Amino acid sequence: MFRLTSSTLARSFRVSLKYPSLVSYNKLPWEVINHETTQLHLHLAPGCEQLLSLAAVTSVPYLTVQSHLTVPEAERLRVLPGVLYLIGGKAGQHTPPGFTSYVVADPSALQYYGRLHHTIAPVQRVEMCTSADLRLLCLALHFEGVLVNTTETSSLQQASSAADDGAFSLFYYFRPNRPASELTRPFEKYYQHRPLLTSLEVLDTAKASGWRPVLQMPKRAGEKVALTPAEPYRPPQNYLMGLAERLAVRPGSSFGRRSQMWGTWF
């Protein structure tokens with residue numbers, strides 16, 4: 001009886017070591033972004049910058065709202081992740097209902113909003129809002145005024161005109177401990193897929209008047225070949241299976257792994 005019990009305990013101990021319950025195989029810890037680190041702002045700041053630059057020139061549908069979205073508590077975790085909107089005026093200064101806000105004061109995290117602060121809209125403060133059950137987060141960016149030129153019908157003009165000082169706020173909801181690809185996916189639809197023709201303006205200058213297309217690499221003259229000879233070809237050498245002399249490998253023969261069927265040393 002004692003032997004049976006000890007064997008059963010040993011077997012259960014081995015199973016617990018082989019299949020630990022604390023390991024999540026679909027979320028590796030080095031691929032997940034922690035919202036308390038600077039990696040979150042590293043990935044989200046370019047998306048916010050692109051979103052506001054697009055909202056300054058056109059009317060983005062369903063981007064500007066008058067107040068926070070009213071979602072039942074049972075549906076928040078299903079509806080809110082990936083939702084972002086702009087609120088102008090004093091309504092944007094309030095925290096979303098059911099969330100607690102914390103001011104992000106780390107300079108290493110705020111450095112990623114530098115270009116956004118100096119080119120599009122000055123950032124007043126950055127807040128991280130957490131839900132009561134800690135299963136939903138919200139990044140709140142509060143701006144004071146607009147620096148970029150906006151059109152009359154743009155979403156950014158509509159949001160900034162709600163207050164006299166031009167203050168508005170951007171809210172983005174997401175789930176904690178998610179990979180960077182999932183956090184940046186809602187911003188992908190706001191990118192302008194439009195080619196820039198600034199590189200072609202060089203062709204109109206005086207220096208490019210005598211430009212000719214180059215079809216192939218220029219060949220070196222005989223004098224230059226004598227001075228700087230071409231580097232001789234050296235076959236790739238790897239020692240994954242050991243040295244070729246140690247294994248007595250003959251050129252052209254099959255050896256080692258099947259992926260190295262004809263040899264890579266000769």
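Start with the rings. This model is predicted, and six aromatic pairs are counted in it. Rings of Phe, Tyr and Trp (its six-membered ring) pair if their centres lie within 6.5 Å; planes under 30 degrees apart are stacked, over 60 edge-to-face, and the rest tilted. A pair of aromatic rings is thus described by the distance of the centres and the angle of the planes.

Take Phe-99 and Tyr-173. They form an edge-to-face pair, 5.7 Å centre to centre with 65° between the planes. Phe-99 lies in strand 4 and Tyr-173 in strand 7, so the pair ties together parts 74 residues apart in sequence. Helices (H or I, at least four residues) and strands (E, at least two) are DSSP runs numbered from the N terminus. Phe-99 is buried at a relative accessible area of 10%, and Tyr-173 is buried at 3%. Buried means under 20% relative accessible area, exposed over 50%, and partly exposed in between (1.4 Å probe, protein chains only).

Now Phe-143 and Phe-168. Their ring centres are 4.9 Å apart and their planes at 20°, so the pair is stacked. Phe-143 lies in strand 6 and Phe-168 in strand 7, so this pair ties together parts 25 residues apart in sequence. Phe-143 is buried, at 0%. Phe-168 is buried, also with 0% relative accessibility. Ring pairs also link Tyr-85, Phe-99, Phe-171 and Tyr-173 into a cluster.

Six strands form an open sheet in the order 2-3-7-6-5-4, with mixed pairing. Strand 2 (64–65) and strand 4 (99–103) each have a single partner strand, so one side of each is left without a neighbour in the sheet. Two strands pair if DSSP finds at least two bridges between them. Strand 4 and strand 5 (residues 123–131) run antiparallel, joined by five bridges. In this pairing, Ser-101 stands opposite Cys-129 of strand 5. Helix 2 (residues 39–55) packs on the sheet and touches strand 3 (84–88), strand 5, strand 6 (137–144) and strand 7 (167–174). Contact means heavy atoms within 4.5 Å.

How far does confidence reach? The chain has a mean pLDDT of 81, and 67% of its residues reach 70 or more. pLDDT is the predictor's confidence in each residue, from 0 to 100. Among the elements, strand 7 has the highest mean (97) and helix 1 (residues 2–18) the lowest (54). Where pLDDT is low, the predicted coordinates should not be read in detail.

Residues are numbered from 1 along each chain as its sequence is written, and side-chain values use heavy atoms, leaving out hydrogens and water. Local features need pLDDT of at least 70 and side-chain atom pairs 80 or more, while totals for chains, interfaces and linings use all residues.

Note on methods
Axes are lines fitted to C-alpha atoms, for helices over the stretch in contact, and angles run from 0 to 180 degrees between N-to-C directions.
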